Amino acid sequence: MAKGKAAATRPSGGGSDAPAGGFVQLLTPDGDHVGSVTTADGTTYSVDFTDEEYRGLYRDLVTVRRLDAEATALQRQGELGLWASLLGQEAAQVGSGRALRTQDMAFPTYREHGVLYCRGIDPIMPFGLFRGVDQGGWDANEHKFNSYTIVIGSQTLHATGYAMGITMDGKTGSADGEAVIAYFGDGATSQGEVNESFVWAGVFNAPMVFFCQNNQYAISEPLERQTRIPLYRRALGYGFPGIRIDGNDVLASYAVTRAALDNARNGQGPTLIEAYTYRMGAHTSSDDPTRYRIASEVESWKAKDPISRVRAFLTKQQLADDDFFGEVDESARKLALDLRERVLAMPDPQPVTMFDHVYPNGSPEIDEQRAAFTEYHASFEGSGH
């Protein structure tokens, strides 16, 4: 687990160096570490990790990918009803997930398995949802990680309201204050809920970060059918800053997210981060991406793989050897095998349990419905139906 530092300094004036490629990048696809990047507004981004923390980031990336691969296999074998893979987006999720402080609150979509892992939640938790066993069983308040949200973009409204509440409770304005992060994809930026969230967050100076994982496709529609300008530039129209990062660079993801969250908790309002990445797999397991994108495009993005570049960096800097990489792979394999066994052992819920959590303190109406359902269900016993 990375616990290193990220620095973002803003000089009082003077020149700036535009980031190469139009985004903040601290680790190139070849594994070369860029010491710092200064954006057009004069903010300089960098990270300060120990050797063990660099290795920890690599371990996170490999583990998250391996668990995701196991989930995809389980779905193909009929053990999950659906799965939304994060393949290719590990750096955006692990980097931003590790940038969160303990008190910060995250609002995910249905694909943030990497952030969930970084928040210390048992990886099996979303599997109950996708297997149809439960609605997702983690305690959102305990882990500071809200439930998965299937409705596109709606979680940004929840996040904005929560962030406004933090301000009203007086929990901002200092280094130990609270902040909120809301995750969504490039397609969600066309949803009214997201734009409404931008309006409210901007006007009320909400302590939050909008983290857009631009994986190039809103299901089957490419980015150019969503916007005529880079997504991060939309933020200016709502009165707060936007910044684009190399979403396949775990160091840039960490540094920029940590800085944006710290700005938010100190009363400087929201930030939109566009993590420019790529969805290597299908939108979900029910999707066929070969119908709307070409193989050469996928191959070109493989050269920018978020895990390969960290491995190259560790090798070049002599921070890890083959024994370490082998141990990480084996550890991830064992964790995935354990996950598989636990998923297969999940008991099917009894139908009557659907009445259990409708209201926190129950109700006479629900009790009547439960009793009627139980009687009806019992009528089938021994009938051969």
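Which side chains meet in a salt bridge at 3.0 Å, N to O? The side chains of Glu-52 and Arg-55 do so, a salt bridge being a side-chain nitrogen of Lys or Arg within 4 Å of a carboxyl oxygen of Asp or Glu. The model is predicted, so that local features need pLDDT of at least 70 and side-chain atom pairs count only at pLDDT 80 or more, whereas totals for chains, interfaces and linings use all residues. Residues are numbered from 1 along each chain as its sequence is written, and side-chain values use heavy atoms, with hydrogens and water left out.

By the stated rule, the count comes to 23 salt bridges. Glu-52 and Arg-55 both lie in helix 1 (residues 51–76), three residues apart, about one turn of the helix; helices are DSSP runs of H or I with at least four residues, strands are runs of E with at least two, and both are numbered from the N terminus. Arg-55 is buried at a relative accessible area of 18%, where buried means under 20%, exposed over 50% and partly exposed in between (1.4 Å probe, protein chains only).

In helix 9 (residues 250–265), Asp-262 and Arg-265 are likewise three residues apart, and their side chains form a salt bridge at 2.8 Å, N to O. Asp-262 is buried at 18% relative accessibility, and Arg-265 is buried at 0%.

In helix 12, Asp-338 and Arg-342 lie four residues apart, about one turn of the helix, and their side chains meet in a salt bridge at 3.8 Å, N to O. Asp-338 is partly exposed, with a relative accessible area of 33%, as is Arg-342, at 31%.
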